[in-house]
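Dear colleague,

Please find the structure below, handed over for your own use. My notes on the contact between the chains and on the aromatic pairs follow it.

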Amino acid sequence: MENDIGLWGVPLAILGGAIRVSTPFIFVSLGEAVTERSGRINLGLEGTLVFGAMAAYAIAVETGSPWAGVLAAMVAGAGFGLLHGWICSFPRVNDIAVGIALMLFGIGIAFFFGKPYIQPSAPNLPAIPLGDWSSLPQVRAALNVNVLFLLGAVLAVALWWAFKNTKIGLIVRVVGDSADSARAMGLSPTAVRLFATAFGGALAAIGGAYLSLYYPGSWNERISSGQGLMAVALVIFARWNPLGCFAAAMLFGGAGALGPALQSVGVTQGYYLFYAAPYILTLLIMIATSSPGRQLAGAPGELSITK
Amino acid sequence: MTDLAISRRSLLKTSAAGAALGLVGWPAFPTRVRAAATTIGFIYVGPKDDFGYNQAHAEGAKALKALDGIELVEEENVPETVDVQKTMESMINLDGASLLFPTSFGYFDPHMLAMCKKFPDVQFRHCGGLWDKSKHPTNAGSYFGYIAMGQYLNGVVAGHTTKSKKIGFVAAKPIPQVLNNVNAFLLGARAVDPTITCQVIFTGEWSLAVKEAEAVNALVDQGADVITCHVDGPKVVVQTAANRGAFVCGYHASQAPLAPEKYLTGAEWNWATVYTMYAKHLLAGEPLPNFTRGGIQDGFVKMSPLGPAVSEPARKQFEATLADIRKGGYAVIKGPLKDNRGKEIAAVGKAFPETAIELESTSFLVEGVQGSTS
């Protein structure tokens, strides 16, 4: 057979899967990294992701423009972030509990408003064919890269640079590491956290838009299957470093593609085990990089889980 | 212990009745206020407009609205956990349902069986379960259709359409109904060309959009050019396959609008036949059958109209096979046949017609299917 790639299908599927599946993880984890760097945890991003997916799909169906959908998702996501930040600005409010409440709220209203949009088809986001140099259709398909993935990659580098080199980056870090020092500098931790949470929400909703408008590219109530929650965990795994978030998201995407790819080349025994690969990988890396002697490196000092 | 347990709902009911009594001084009114109409409850595991399994059931349920004296209660997105027991209890106690259709595979054991014992006056009919007179209560029952025949016809069209001689199947879980469909799809294709193979990928869940899309990509990467599936909502599979340039055969409901050029045909449920039959028995006060099965000739299963990509020879063989199946008793699994590990399933001359009860506990994949059940 002419285009038989045999076992090469596995690494190719991992690469293709890393590119296809990772984008929601990238956006949610980058958003959460910014929020957590400012000293707050928003566990509600799963809800924001699902609502973003619904909003993007609905607006894309109504207007015929997928980018209008992405924009609508961002606005909605920022709204969820502002709500979280505003509630948490009251004294003695637990950000984790508020996050869980907003997660359920976001999923619930996404299902409610999303009902009429399960059937219609929305226009998809454009992809850039980076694989045209290859004569193999498999390679071309794997390297058909969506614009949002590239944006996510650029954003990861930009955030990493901004945390180190810009005033805004410094402000977010100070607020996250010590609210007292921030106040002494004349900064308002509440305001900074409000905006950092809103920013995180907007990014998470872009991840949702990718799910419903590109891959797998349809809105239904099972679209996320917990990816928003996984991405929040990825942030800790990536030690609050935007570049780390990007790498971890790629790793998860690739590991997720392993199960179907192995079955397709004939390794068919024990596929449930392969589906657990991303989680086993997480456990191993967490064990390998942890140390009993010190706190998690890079953890913001104000974070309620590390305080 | 269990006899003493009071469910929250019964507690609420009693206290509400008590409150009414105390406040107004009237006797507690009966809970089944809607005695005039017969209420039938439908429970779905996913959204009822999913282009798939749940939509097929919901369309069947809709047919009952045309009947006089029937009232419907429906609930969607009910997980296959103790949640479905609560839903059933609420449909019985609050809506007064006298017949329930919990439609998802995992609802049967233990959830529906537990409810059958708790509410012996209510009738339960489950889709796909294997009701056994000796083991299960008489107010339970099950219905299903021989949809594997539809997948066999899908396979016939796929066998004519494939150029790579490799076809693909995205499957959810390795349960008998799914395995029958995989086997039938391949055997249908092999009725056209015995060198065709079928690659199956199990996703492990009824509805996992991203994994289903990945599975389609992996199948197409390995050269499969006609794809079908057995998952709850085939929308993602159909769209992804069509985007990759592969042809698709549908399942559960018609997905033709999603990929008009690439859609060949599809095996669809026609549950309206079954639900109308049950409802008419119920209205007439007759006992409901416990074990209901039927195929294409009984109107339980139908085929989507053939798509524009179907060739003339494919159409001819499709129609001839369909006519044979309509005669009843068609056997897809017939000897000599081995499974894909080389073990003999049927010796020469041995055939399992669609009605064979053995097929409801299938645990093998036939020779030519690449995949494994565990």
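Between chain B and chain A there are 14 residue pairs in polar contact, both residues at pLDDT 80 or more. A polar contact is a pair of N or O atoms within 3.5 Å; within protein, one must be able to donate a hydrogen and the other to accept it, and residues adjacent in sequence count only if both atoms are side-chain atoms. On the side of chain B that touches chain A, β8 (197–202), α7 (209–221) and α8 (235–243) of chain B each supply at least two residues; helices (H or I, at least four residues) and strands (E, at least two) are DSSP runs, numbered from the N terminus. The most comes from α7(B), with nine residues. By type, that side of chain B divides into 15 nonpolar, 15 polar and ten charged residues. Here Ala, Val, Leu, Ile, Met, Phe, Trp, Tyr, Cys and Pro count as nonpolar, Asp, Glu, Lys and Arg as charged, and the others, Gly among them, as polar.

This is a predicted model, in which local features need pLDDT of at least 70, side-chain atom pairs count only at pLDDT 80 or more, and totals for chains, interfaces and linings use all residues. Residues are numbered from 1 along each chain as its sequence is written, chains are lettered from A and ligands numbered from 1 in the order in which they are written, and side-chain values use heavy atoms, with hydrogens and water left out.

The contact (heavy atoms within 4.5 Å) takes 40 residues from chain B and 41 residues from chain A. Two salt bridges are counted between the chains, a salt bridge being a side-chain nitrogen of Lys or Arg within 4 Å of a carboxyl oxygen of Asp or Glu. A:Arg20 forms a salt bridge with B:Glu214, with the closest N and O atoms 2.9 Å apart.

Turning to aromatic residues, the count over all chains is 25 aromatic pairs. Rings of Phe, Tyr and Trp (its six-membered ring) pair if their centres lie within 6.5 Å; planes under 30 degrees apart count as stacked, over 60 as edge-to-face and the rest as tilted. A:Phe252 and A:Tyr279 form an edge-to-face pair, 6.2 Å centre to centre with 80° between the planes. A:Phe252 lies in helix α11 (residues 242–264) of chain A and A:Tyr279 in helix α13 (residues 277–289) of chain A, 27 residues apart. A:Phe252 counts as buried because its relative accessibility is 5%, whereas A:Tyr279, at 43%, counts as partly exposed; buried means under 20% relative accessible area, exposed over 50% and partly exposed in between (1.4 Å probe, protein chains only).

Kind regards
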